[in-house]
Amino acid sequence: MVAASCKNALIWSLTPGQAGDSPEGRKLVEAIDAQDSAVYLLMDSAYDSDDLRAAAEDRNLIPVVPAHPRRKNPSPLDKQKYRQRNEVERLFRRIKAYRRVFTRYDKLDAMYAAFVSLALIFELLR
């Protein structure tokens, strides 16, 4: 999920549990239009890859991501900016307050995705 705040998701996708985070993160970043001015893109260390960083920088997004523990040449981390990443985590917490999203009763991905979308809409309107 790419979110602008703790209430506003810009784009999101549903992936299988065994899928890696970085390839899907790159697809989400590539779906974002290029920005006129620099915007910070706060990410978890699972999204630390050279491909994703390059895709973000092409769109005038400044990646703020802690280096993956196995990276040989880690990039510097702006810890003050990285603290704001909890807004995305707060958005996940808010949509998991909806029982149907939290318990994942739906067997079809399309149905589950529809209810996640509804939860995001409800949170935006709240």
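Helices (H or I, at least four residues) and strands (E, at least two) are taken as DSSP runs, numbered from the N terminus. The structure is a predicted model, in which local features need pLDDT of at least 70 and side-chain atom pairs count only at pLDDT 80 or more, whereas totals for chains, interfaces and linings use all residues. Residues are numbered from 1 along each chain as its sequence is written, and side-chain values use heavy atoms, with hydrogens and water left out.

The chain holds six helices and four strands, which follow one another from the N terminus in the order β-β-α-β-α-β-α-α-α-α. Its C-alpha atoms fill a box of roughly 45 × 30 × 25 Å along the principal axes.

Helix α6 spans residues 109-125 and includes Glu123. Glu123 is buried, with a relative accessible area of 1%, where buried means under 20%, exposed over 50% and partly exposed in between (1.4 Å probe, protein chains only). Apart from neighbours within four places in sequence, Glu123 is in contact with Lys7, Arg94, Ile95 and Tyr98, contact being defined as heavy atoms within 4.5 Å. Between the C-alpha atoms of Glu123 and Val65, which lie 58 residues apart along the chain, the separation is 26 Å.

In the pairing of helix α1 (residues 21-30) with helix α2 (residues 50-58), Ser22, Gly25, Arg26, Val29 and Glu30 of α1 meet Asp51, Leu52, Ala55 and Ala56 of α2. Over the chain as a whole, 28% of the 126 residues count as buried, and of the contacts between residues at least 6 apart in sequence, 49% join residues at least 24 apart.

Key
Axes fitted to C-alpha atoms, helices over the stretch in contact; angles between N-to-C directions.
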